[in-house]
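Please look over the sequence and the model shown below before reading on. The report then goes through the sheet, its turns and a few selected side chains.

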Amino acid sequence: MTLVVTDINAARAELLERGDDVSEVRSFPWGDFVFFQDPDGNGWSVQAIPPATSTPGRKFGLTERGGVMSPAPKHVVDGEERRLRDRVERGGAL
């Protein structure tokens with residue numbers, strides 16, 4: 001599972017305060033990440049997307065409003081669904 005945040009260092013600090021075993025920040029061209037496991041052993045990543053990229057989560061129906069991921073307007077989600085459905089119908093993979 002991946003969580004998207006605006007400040008990776010603040011997210012890491014909060015996880016450490018809660019007693020989680022969190023990795024150091026790892027930087028990639030597509031964003032900065034930290035990794036941890038929940039008590040059930042599920043792996044999680046927390047990502048801060050670089051500002052030069054598109055709106056975080058937009059193609060998944062999310063937009064950022066005041067530092068919080070919120071549902072995108074219905075027309076954005078509908079457009080993405082249509083595009084993906086057309087791609088699959090033409091024999092392409094998601």
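## Pairing of strands 3 and 4

In which sense do strand 3 and strand 4 pair, and over how many bridges? Strand 3 and strand 4 (residues 43–48) pair in the antiparallel sense, and six bridges connect them. Two strands are said to pair here if DSSP finds at least two bridges between them, while helices (H or I, at least four residues) and strands (E, at least two) are DSSP runs numbered from the N terminus.

Several individual bridges can be named for these two strands. F33 has Q47 as its bridge partner in strand 4, F35 is partnered by S45 in strand 4, and Q37 stands opposite G43 in strand 4.

## Basis of the model

This is a predicted model, in which local features need pLDDT of at least 70 and side-chain atom pairs count only at pLDDT 80 or more, whereas totals for chains, interfaces and linings use all residues. Residues are numbered from 1 along each chain as its sequence is written, and side-chain values use heavy atoms, with hydrogens and water left out.

## Overall layout

The protein chain has two helices and six strands, and along the sequence these follow the pattern β-α-β-β-β-β-β-α. Of the 94 residues in the protein chain, 22% are buried, where buried means under 20% relative accessible area, exposed means over 50% and partly exposed lies in between (1.4 Å probe, protein chains only). Among contacts between residues at least 6 apart in sequence, 26% join residues at least 24 apart, a contact being heavy atoms within 4.5 Å.

Four strands form an open sheet in the order 1-4-3-2, with mixed pairing. Strand 1 (2–5) and strand 2 stand at the edges with a single partner strand each, so one side of each is left without a neighbour in the sheet. Neighbouring strands of this sheet are turned by 30° against each other on average, direction ignored; the axes behind such angles are lines fitted to C-alpha atoms, for helices over the stretch in contact, and angles run from 0 to 180 degrees between N-to-C directions.

Strand 2 and strand 3 form a hairpin with two residues between them. Strand 3 and strand 4 form a hairpin with five residues between them, and G41 in that turn has a positive phi of about 90°.

D38 is found in the loop between strand 3 and strand 4. The side chain of D38 reaches the backbone nitrogen of D40 at 2.9 Å and makes a polar contact with the side chain of W44 at 3.0 Å. A polar contact is a pair of N or O atoms within 3.5 Å; within protein, one must be able to donate a hydrogen and the other to accept it, and residues adjacent in sequence count only if both atoms are side-chain atoms. D38 is buried yet has no salt bridge, the nearest side chain of opposite charge, R18, being 12 Å away. A salt bridge requires a side-chain nitrogen of Lys or Arg within 4 Å of a carboxyl oxygen of Asp or Glu; Lys and Arg count as positive and Asp and Glu as negative, while His and the chain ends are not counted.

## R12 in helix 1

R12 lies in helix 1 (residues 8–17) and counts as buried because its relative accessibility is 16%. Leaving aside neighbours within four places in sequence, R12 is in contact with V22, S23, E24, V25 and V34.
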